[in-house]
Amino acid sequence: MGFNIETVNRLLKIDEPFKAPGRLMEILLDKSLREQTFREFLEVSTDVSFDWFHEYFEDEQADRKQKKQDFTPYSVARLLNKIVGSNSSYFETAAGTGGITISQWWQDCLKESPLYYLPHEHLYYCEELSDRAIPFLLFNLSIRGMNAVVWHGDSLERTCRGVFLIENAKDDFLAFSDINVMPYNDTVKKHFDVKEWVPDSYPEHIETDSEKWAAAVLQNLELRKKWGDVFERTSING
């Protein structure tokens, strides 16, 4: 069973597709409801290697006339990322709902054993203008437990509605990510090259405890070292 219009609408508890972006933002900013919704989506499919919303968004949400929104096919996204290769950081402007970013993340995952892969070692930076696409992009990144920055605004004019920090607080590849709204201050403005904040800002919303995240990172690094020592001893003795 795929994520067709009927399935997505049922999971989001809406009766018309045009309600999806607003409903998604309501869900995303409520951690308990968000993670419950994630689990319901995963009951339909656990294949997270591609963007579930590609066809749904293009058929029901894309603004082809004004914004020329036609998203990159999965096969092309995979080819692009194989050509570029894997790095610890990733940048994409006009990210849409995240199809190319997800393809890169999946390739990054496949290059490491689950025992060695740590989310904190990979950062994905996405910029997107569309109010409709942003909720789908945030959903896609956080359900996959990615660490990412989502910059919502005009990449050329550098006018920005808001900056999101998507953070895997447990540093666990099986965990969902937190969603944080970065503060609207001069430090954030300078760091993320924002020329001007535009009206209709996002509400204050912080989920991640930075001290707990740092502790999880240190613990996981120690565990990975122990696993490495075990495999090294096994290899020598074997």
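Biologist: Hi! Is glutamate 35 buried or exposed?
Modeller: Glutamate 35 counts as buried, because its relative accessibility is 18% and the cut-off for buried is under 20%. Do keep in mind that this is a predicted model.

Biologist: Thanks! Which side chain does glutamate 35 meet in a salt bridge?
Modeller: That would be arginine 39, with 4.0 Å from N to O.

Biologist: Let's zoom out. How many salt bridges does a search of the whole structure find?
Modeller: The search finds 11 of them. One of these pairs glutamate 207 with arginine 34, and their closest N and O atoms are 2.8 Å apart.

Biologist: Where do glutamate 207 and arginine 34 lie?
Modeller: Arginine 34 is in helix α3 (residues 31-44), while glutamate 207 is in the loop between β6 (196-197) and α9 (210-237), so their pairing ties together parts that are 173 residues apart in sequence. Both glutamate 207 and arginine 34 are buried.

Biologist: New topic: which side chain meets glutamate 127 in a salt bridge?
Modeller: Arginine 158 does, at 3.0 Å from N to O. This pair links distant parts of the chain, 31 residues apart: glutamate 127 belongs to strand β2 (residues 123-128), and arginine 158 to the loop between β3 (148-154) and β4 (159-167). Glutamate 127 and arginine 158 are both buried.

Biologist: Which residues do salt bridges that share partners join into one network?
Modeller: Glu127, Arg158 and Asp193 are joined that way.

Note on methods
Residues are numbered from 1 along each chain as its sequence is written. This is a predicted model: local features need pLDDT of at least 70, side-chain atom pairs count only at pLDDT 80 or more; totals for chains, interfaces and linings use all residues. Side-chain values use heavy atoms; hydrogens and water are left out. Helices (H or I, at least four residues) and strands (E, at least two) are DSSP runs, numbered from the N terminus. Buried means under 20% relative accessible area, exposed over 50%, partly exposed in between (1.4 Å probe, protein chains only).
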